[in-house]
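Student: I'm new to this one. Can we go through a few labels and see where they come from?

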Amino acid sequence: MSELTAPQSVELTASGERSIAAHTFSGIGINGDHNEITVLERGTLQAPAWVTAGKGVCFLPREPAAVFVGREQVLAVLRQALEDDHAQVVISQVVYGLGGVGKSELALQYAAAHRDRYAVVWWITADSVAQIQSGLAALAGRLHPPVRLAGTVEDAADWVIGWLQTHSGWLLVLDNVEDPEHVRPLLGQLSGGRMVITTRRDVRWGGQRRPVRLDVLEPGPAVELIFQITGGERQAGDEVVAADLATKLGFLPLALEQAASYIKQNRISLTRYLARLQEHPARVHARIAEGDQAERTIARLWQITMKMIESRNSDAIELLRALACYASDDIPRQVVPEEIGATDTGEALGLLASYSMITLTEEAVSMHRLTQAVVLTDASDDSLGRIGAARNTALTWLASALPQDPRSDLTGWPLWRRLMPHIDAFAARYLPGGEPADLEIILNQAAIFQLVQGAHHHAAALATHALAIAEAAYGSDHPAVADSLANLAASFRDLGCPGEAMPLFERALAINEAAYGPDAPAVATSLGNLANSLRDLGRPGESVSLEQRAAAIIEAAYGPDHPGVATSLGHLANSFRDLGRPGEAMPLFERALAITEAAYGPDHPTVAIRLNNLAATFRALGQPDESVSLEQRALAIIQAAYGPDHPTVATSLSHLAAAFSDLGRPGEAVPLFERALAINEAAYGPDHPTVATSLNNLAASFRALGRPGESVSLEQRAAAIIEAAYGPDHPTVAILLSNLAVSFSDLGRPSEAVPLFERVLTINQAAYGPDHPTVATSLNNLAASFHALGRPGESVSLEQRAAAIIEAAYGPDHPTVATSLSNLAASFRDLGRPDESVPLEQRALAIIEAAYGSTHPALVVVLSNLASSFNDLGRPSEAVPLFERALTITEAAYGSTHPTVAIVLSNLTNSFRALGRPGKAVSLLERALAITETAYGSTHPSLAIVLGNLANSFNDLGRPSEAIPLFERALTITEAAYGSTHPTITTLRRALSYAMNAPCHCGSGRKFKRCHGSIPSPAP
């Protein structure tokens, strides 16, 4: 059966200083002079259940307010709800009310007062799913710091959910939740702790507790709050003025607190403050959404506060406006420069914090959403100019804060993750068509980061937005538009939509040709991208001319020894390999290696890439033994360059493991694949698409070791990861489902394989169209399952369609055509029509010999198939020389002890048995048995096949006493590997019964089981 594997990695040309390009790249490339890599020792990460919270694990956003009045009753209700010592499930209490009413302060007062009651007290700003994830990740980092270094924010959040599930005595505060759906999945997973949820939303929250509504203060406590904060002696009439002020502020605690703080700091009277408040024009109300009383009243207040801050330090107000352009929470302080205007930024931030306009920590700045809304709806006469200037400032800061090389610089990823909400929020500040041109650069870089993180849908959205900005800013034919088109097309390729990528790459090529001329290096880059899409679409023949032109352009521009020439040669060689012409690919890869070594030295990571490509070509040429040393050298280079735990090391380990697999040494491949999996999980987290690739590779090795039961769980996990990342209809999902179906087939469960192969066929036809070579592979796999189900008649039509697709795509002489012909021939044999299979196999043999020569290992399968047809036709004498030639080729290519040698020997014995020479068959099978046991061990299912064949030969010789123990051992091995219902069990039991009922060799005329095969009665 043909198995699907992930596409071979290819190389792209990247233009621009210190740029890096990659395709299907799971590793990390580093440019720059002073980059750092964080390396975690093996075993550093611990399971959540094993981690114990240290003493005093607590995070609260600030100290509780010293003045807290009018909330005694609701605080008692909250305390009573949470402090049920007998509850064995999570207790959650929702506190809801309008913005600024004091929900957060209520939760903070409770958490601070009762922190000694809980092992962990943790506060999370929860106004979005991303913020919840970030807060959970921060808790994970406090409980177990390696979690934040080893994976994504989502991985850290998942880890801490596991911790919360396995521990009790914790308090979680989710502040300012916008939507119940954002927290419902979290609530459903937790037990044994306490949770407070604050929200503006008066909606159905579910659960057993009734939400607590927090209203504005009563007039008495509101006035008391003003007086306690302002302090000083009360003047005559202050009670009336304070009551009037509280009314005008809507008795909203946040507004009251800020007004009182302003009065105290600026030493003004209540009457003067009230007069200033009343002076603000009514247009402030018009610019705030109707129906939100809180936002209107706070807006009136905060304009006064901002005016006072501006009178003290105008730079602080400019800083506030710029910060308001980002998301409201967790703005990294790295975004803000050290100075703004003539002011030290730290002093300006401190001033803003003193007026409660921001919340300030050592690492981040946060701003209340209402504050942000007021700042961005400034009603001053020049507000549009001020807000526009603030956005320009915010754009400049954001661009300067972006870490370099989002594709490869692992050390920059934590900051990238913190910046992504702010990039999204900032981009949303503009109306479509009104974005500045520089935003396009930020969005393109963010799209690249999201691609690396496996967030391909988000990446596509960012790239689409970037393209729209570029077109609006520069016109539809500007080179910057070509760059955005290429990024968007790359997103479509990763989303399994090469048909949508193709016109984008074509348009990018046209733009670059018009802008730079037909011979510019940028044109070569576009040609390479377009060629990659053609390969994705199963049209490598069309890609060759594009890559030849690209290579010629680069060579003419830079000379024959430039590293860019090596990249172009690698692209061209990959196309030749895809066309089944590895002989033409080999000298190109060799020249690329020579150029790269001369340019960078023998130990550069790029040299390792060239070695990998050359090794893969040796494997395609049937010379896997020569590939091992190349892969080993590549691995040594990568480990020396990046350290033992870098994702690029995982890629090299996988290449080396593949070489061992091709040599029939899967036992040596498994630990390499296992190490690659561990590295990728540590680098990317457990749910990244690269982890799915590692799982798939490991599963294939387990299948080769005769352990398909272990493969199934790995392949199921891999398929789930890819489906979650890309959606259920992505071609990569089809690859993993195909491999899972193969494992079910190996387990003798073809009925479970068929629906998987049918789904794969549907996915691939939708993604590539009905005539793509990948569809032909899907058809062949489905046909193989029908074979296993004893329905070869249904296989024929599928295989005929597959053969037609392959021949139309590659031409009549491509090696893949030979594979399709062989599959079809096998169906004819199963249908008892070997006379129709022979001409198909003869044509397949001619194709392979013409493509690879007379000694390539690919000939072994075709020769064996043709020989099997001659056996079926009763012409074993014609089969023997074909099997013998297959044996000679296999031994020359792989050595005399390769498992494939044992397979060919077993096939050859069928001809000798048909020729009436079972003695010759026995000697060959004994050699096959020794090879198989040495290669796979004493319990591999392949060993059971050889044992069964050897037992049949002993039966042919009339020696059932020697056949029976072999059959019994074969049964034991097969049952242990596949279970008692596997079809092979039935076959072996039948053969064993035949041996037991055969005439005894002693000549008594009795059945063997009644004579020398009888079991003596136990001694008395």
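Student: Is W122 buried or exposed, and how do you know?

Tutor: First, this is a predicted model, where local features need pLDDT of at least 70, side-chain atom pairs count only at pLDDT 80 or more, and totals for chains, interfaces and linings use all residues. Residues are numbered from 1 along each chain as its sequence is written, and side-chain values use heavy atoms, leaving out hydrogens and water. Now, buried means under 20% relative accessible area, exposed over 50%, and partly exposed in between (1.4 Å probe, protein chains only). W122 has 4%, so W122 is buried.

Student: What makes F59 partly exposed?

Tutor: Its relative accessibility is 31%, so F59 falls in the in-between class.

Student: How many aromatic pairs does the structure hold?

Tutor: There are 5. Rings of Phe, Tyr and Trp (its six-membered ring) pair if their centres lie within 6.5 Å; planes under 30 degrees apart are stacked, over 60 edge-to-face, and the rest tilted.

Student: Why is the pair of F59 and W122 called tilted?

Tutor: The centres sit 5.3 Å apart and the planes are at 45°, so it's neither stacked nor edge-to-face, but tilted.

Student: And why is the pair of F426 and Y430 called edge-to-face?

Tutor: Here the centres are 5.5 Å apart and the planes are at 75°, which is over 60, so edge-to-face it is. Both F426 and Y430 are buried. Ring pairs also join them with Y326 in a cluster.

Student: How much of the protein chain is buried?

Tutor: Buried residues are 54% of its 1020 residues.
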